[in-house]
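Have a look at the model first, then try each task before reading on.

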Amino acid sequence: LDRQGRALMLSSPNGRNWFYQAHQMSVQRRRSWRSYHFTTADNPFIDSAELDSIRTQVPERIWREEYLAEFLDDLGQVFRGIQAAATAPLAAEPQPGTRYVAGLDWGRETDYTAIIVMDADRKAVVSIDRFNGLSWSLQRARLTALVERWQPTVIWAESNSIGGPNIEALQQDGLPVRAFTTTARSKPDLIESLALGIERAELALLPDESLLGELAAYRLERLPAGGYRYSAPEGLHDDLVIALALAWYA
């Protein structure tokens, strides 16, 4: 105030936070406020071929916010094109010479244990199993029966909390299970890879009501520090989403 100073505020959008409000001061033609908007493509030092490559590797939301510099809502749907991707045939049978992989998310009482098997050659979901209320030994037996049917070359299973001991038991039984630790760093990459695959019609989903419902409800929330949190809305489940993401990762 005493020096009649200026401030220059630079940022990429992080939801509709304080920076968005400052931007709106200019949009609303407040005195002494000016705003400027540039996309990454406006930068003369950025190779357009690099941008073209990035465009094929990130979900639509990330592209719009990080590269087009658009202000988006803090809450949003993660998966787009779900119904269009639900083209995998029902009642699929194991085919000789086909490579299968699987993703596994653990649960017991309030949550569900879910396992999704995918045809890795055709990138199509072929089997979904989801259950709760069973002891760990019965769950492992049910999983073993599914493995005997489809013979997946690898099963990626979430290892957090209850997953660790169950994974060790399955490995001792000779099942091709690998542990995936879900963290604030690993989960966004896992979910965004699946979102991109669905958006670009790179995988076929089974027209399963529970699976499609979980995908449609799954949400992204902007955190105060600028990162994202991916989760199901309160009271809903995300076991099939995580199992599918792990199968896609496999």
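**Exercise 1.** Which helices each supply at least two residues of the lining of the largest pocket?

*Solution.* This is a predicted model, where local features need pLDDT of at least 70, side-chain atom pairs count only at pLDDT 80 or more, and totals for chains, interfaces and linings use all residues. Residues are numbered from 1 along each chain as its sequence is written, and side-chain values use heavy atoms, without hydrogens and water.

Start with the term: on a 1 Å grid over the protein atoms alone, a pocket is an open set of points where a 1.4 Å probe fits, with protein on both sides within 12 Å along at least five of seven lines, and lining residues have an atom within 4 Å of a point. Next, the helices (DSSP runs of H or I, at least four residues, numbered from the N terminus): helix 1 (18–27) and helix 3 (60–67) are the answer. Finally, among the 27 lining residues, Met9, Leu10, Phe19, Ser35 and Tyr36 lie nearest the pocket's centre.

**Exercise 2.** Describe how helix 5 packs against helix 6.

*Solution.* First, take the axes, which are lines fitted to C-alpha atoms over the stretch in contact, with angles from 0 to 180 degrees between N-to-C directions. Those of helix 5 (residues 136–150) and helix 6 (residues 163–172) come within 11 Å and cross at roughly 50°. Last, find the contact (heavy atoms within 4.5 Å): Trp136, Arg140, Leu143 and Thr144 of helix 5 meet Asn166, Ala169 and Leu170 of helix 6.
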